[in-house]
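User: Hey, I'm new to this one. Can you walk me through it?
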Amino acid sequence: MKAVVLAAGEGTRLRPLTEDKPKGMVEVDGKPILTHCLDQLVDLGAEEFVLVVGYLKEEVIDHFGDEYRGVPITYTHQREQKGLAHALLTVEQHIDDDFMLILGDNIFQANLEDVVRRQEEERADAAFLVEEVPWEEASRYGVCDTNKYGEITDVVEKPEEPPSNLVMTGFYTFSPAIFNACHLVQPSNRGEYEISEAIDLLIQSGRTIDAIGLNGWRIDVGYPEDRDEAERRLQSAEGEVAEATSD
């Protein structure tokens, strides 16, 4: 399965950390965020990476080159940051089967393999990791409704009055049907082409989208304090592993 990594963002909220580098190259625990993403995707069996780059793209290309840990890398260029659905369309010509998608500003220690396994069962046209957050925080995310079978029935991007506190995280699997939906997406009130709108179009067309509950943790590194928290958690996990090994 190929793996798409969205890494075109400027990361204005992360300044001054992003004054001379793109968001994905900000280091967490001694490694760029993108390195953490690629390592996890290799472990999940990624056969090829397609990296969507934009802001200071040369920093990413020069760092990773044509392959990472033996997995070839193809780059596409999102010239304007107009939303995730817009970014995803830049990779359409490189994808002809089911694929993984990760947002290149997220740090995960979670059950990503469950999402991949669900997609491979051919039960769903898409699957993604979802997380319960405090109700007061839900309006910051794409919010999901599900039925009793764990299928997504509705997705709303950053609603003022969230219908639930179940939100999308930054890891998905899709069939190529997502590209047709992205072509139909209209700009949101923010002027962006939202991935949540594309997912909702899939649902309306009768496609099955499965929600997999997060087991573990993830941090969307949007602010400097998020980077610090991700680093603290990674170091804590490393300490636990070292302690268990010594025992």
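User: Is Glu194 buried or exposed?
Analyst: Glu194 counts as buried, because its relative accessibility is 8% (buried means under 20% relative accessible area, exposed over 50%, partly exposed in between, with a 1.4 Å probe and protein chains only). Keep in mind that this is a predicted model: local features need pLDDT of at least 70, side-chain atom pairs count only at pLDDT 80 or more, and totals for chains, interfaces and linings use all residues. Residues are numbered from 1 along each chain as its sequence is written, and side-chain values use heavy atoms, with hydrogens and water left out.
User: Where is Glu194 placed?
Analyst: In the loop between α5 (177-184) and α6 (195-204). Helices (H or I, at least four residues) and strands (E, at least two) are DSSP runs, numbered from the N terminus.
User: And what is Glu194 in contact with?
Analyst: Leaving aside neighbours within four places in sequence, Glu194 is in contact (heavy atoms within 4.5 Å) with Ala85, Glu157, Val185 and Ser188. Glu157 is 37 residues away in sequence, yet 7.5 Å away in space, C-alpha to C-alpha.
User: New topic: which strand does β13 run parallel to?
Analyst: That's β9 (residues 126-132), joined to β13 by five bridges; strands pair if DSSP finds at least two bridges between them. Val130 stands opposite Gly213 in β13.
User: Why is β13 largely enclosed?
Analyst: Because four of the five residues of β13 (residues 209-213) are buried, the rest of the structure largely encloses this strand.
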